[in-house]
Amino acid sequence: MKITIIGSGYVGLVTGTCYAHMGNNVLCVDLDKEKIDRLTRGELPIYEPGLKELVESNLKEGRLSFDTNTTTAVRASEFIFIAVGTPKDRDGSADLRQVLEVARRIGEALDGYRIIITKSTVPVGTTKKVKQVIKEVLKERGLDLTFDVVSNPEFLKEGKAVSDFLNPDRIVIGTDSERAKERMRALYDPFCRTDENRIIFMDVASAELTKYAANAMLASRISLMNEIAAICEVTGANVDHVRVGIGSDNRIGFRFLFPGVGYGGSCFPKDVRALIKTAEELGIPSRVLTAIDQVNRQQPRQMVSKIKDYYGRNGLADKTFAIWGLSFKPETDDVRESPAAVIIESLLKKGANIKAYDPVAEETFQRTYALPIKYSQDMYECLEDADALILITEWHQFRRPDFARMRQVLAQPVIFDGRNQYEPDYVKARGFTCISIGRKSVSPDQPAG
Ligand code: NAD
């Protein structure tokens, strides 16, 4: 099958590469010439485990290619995926300019039947708008061509994007066209050899809303746990115990129950806000969604308050903090809406010095936020002479660090654990003060118990 992907970012590149891996001929397009040149040489502009090997092999075998020309790309394929960004607009709604611009370009290039697919996360009604824009452009060109526009939201997780795409939990397809339905089924059959029922067909509006509802549901679990953690801190309960206690109820399950410094990334924050905006435009109160967002915005600030409280009257001026983790979650270099940015900016404003280490996200963080930080190439070097470690992203390599070495290099043995990575009593026994989330704070000077 011939497939064109317009927009070769985190989603477009993974999507295109995985279709190529399944034996299709895929052309990925992007406006960014430098990105396309790098990809053509087999260099990856993003960090995503397992992706580089797949891009290299599919390039070599001639199933995957890259270009900047949308017109030839639209004419080359039967399936045209729109995978451009839908960032947060100033008022919180999804900014659809990239999607609608691509629709216009598709209308300008169309020369026969195509299936156009909105892969980008778009509010209900957008797929219909894409269809209208293409129709209008065709009318201006004096053409009356048949085409279908389908919604096929993407559920991959950065950090596990390749395996998510190759082994999806489900594939949601919104369409009212039998022709498009059959072709989409044929496209996705190889991804569902063991269970065809993973392809779920529905109407377009339901497919569009499914994506937002899924992200809002996952975000709600995190925000609820963060609120429970705040209650734990005041009552002396331990959120780890509460988490295990509720997660073992199989109606609840264990996933997405970790409290922390808040969710970030390019999806949850913007999608929850866009859904709030959709509800607002429809005159529907969005009390739950608003609370999810409010709790989350507060989480990184809560950590800053804990740090301020710890240093009390002496303040943060001239303190040096070592940050472990800059990406919004492990296994990615994506730093969009990373809680690290909020925490670091607040500490810098209060006169603190920041050193930071991240296994892969240093460059994207530096480029995105341009903050006066000293970046380290090594997690222990980052700690040298720092007054405390602040752990923000739970990369695997931070899970079992060498605490003896940490004590040697830190100026003070203090850990602010933003992801509850360390067992309080364990680190206390190794001479550390540890302040985490929803659990008792510990200090080596405290009596046991
Ligand atoms: P991204 O910013 O990484 O990539 C978007 C790409 O589109 C960029 O490379 C940009 O240069 C390109 N582009 C913009 N306008 C273009 C045009 N006119 N022609 C060609 N290329 C153009 O974004 P992303 O993270 O891949 O997200 C894309 C969409 O997928 C968004 O709607 C997002 O919400 C959704 N989504 C993202 C994820 C994720 O984990 N990143 C997961 C599921 C869904």
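The legends below describe close-up views of a predicted model.

**View 1. Strand β4 and its two parallel neighbours.** Strand β4 (residues 79–82) is covered on both faces, with F79 and F81 buried on one side and I80 and I82 buried on the other. Strand β1 (residues 2–6) pairs with β4 in the parallel sense over four bridges, and T4 has I80 as its bridge partner in β4. Strand β5 (residues 115–118) also pairs with β4 in the parallel sense, over four bridges; here I80 is partnered by I116. Between β4 and β5 the chain passes through helix α5 (residues 97–109), giving a right-handed β-α-β crossover.

**View 2. Helix α8 (residues 178–188) and its buried residues.** A180, M184, L187 and Y188 are buried. Down the axis of α8 these buried residues fall within an arc of 85°, so they line one face of the helix. At the N-terminal end, S177 caps α8 through a side-chain oxygen 3.3 Å from the backbone nitrogen of R179. Y188 also belongs to an aromatic cluster with Y19, F81, F165 and F191. The charged end of K181 sits over the ring of F201, 5.1 Å from its centre.

**View 3. The edge-to-face pair of F403 and Y422.** The ring centres are 5.4 Å apart and the planes lie at 85°. The pair links distant parts of the chain, 19 residues apart: F403 is in helix α16 (residues 403–409), and Y422 is in the loop between β13 (414–417) and α17 (424–429). F403 is buried at 8% relative accessibility, and Y422 is buried at 2%.

**View 4. R430 over the face of Y426.** R430 lies 3.6 Å from the ring centre of Y426.

Conventions
Residues are numbered from 1 along each chain as its sequence is written. This is a predicted model: local features need pLDDT of at least 70, side-chain atom pairs count only at pLDDT 80 or more; totals for chains, interfaces and linings use all residues. Side-chain values use heavy atoms; hydrogens and water are left out. Buried means under 20% relative accessible area, exposed over 50%, partly exposed in between (1.4 Å probe, protein chains only). Two strands pair if DSSP finds at least two bridges between them. A crossover is right-handed if, with the strands pointing away from the viewer, the path from the first strand over the helix to the second runs clockwise. The arc is that of the directions from the helix axis to the C-beta atoms. A polar contact is a pair of N or O atoms within 3.5 Å; within protein, one must be able to donate a hydrogen and the other to accept it, and residues adjacent in sequence count only if both atoms are side-chain atoms. Rings of Phe, Tyr and Trp (its six-membered ring) pair if their centres lie within 6.5 Å; planes under 30 degrees apart count as stacked, over 60 as edge-to-face and the rest as tilted. A charge sits over a ring if NZ of Lys or CZ of Arg is within 6 Å of the ring centre and within 35 degrees of the ring normal.
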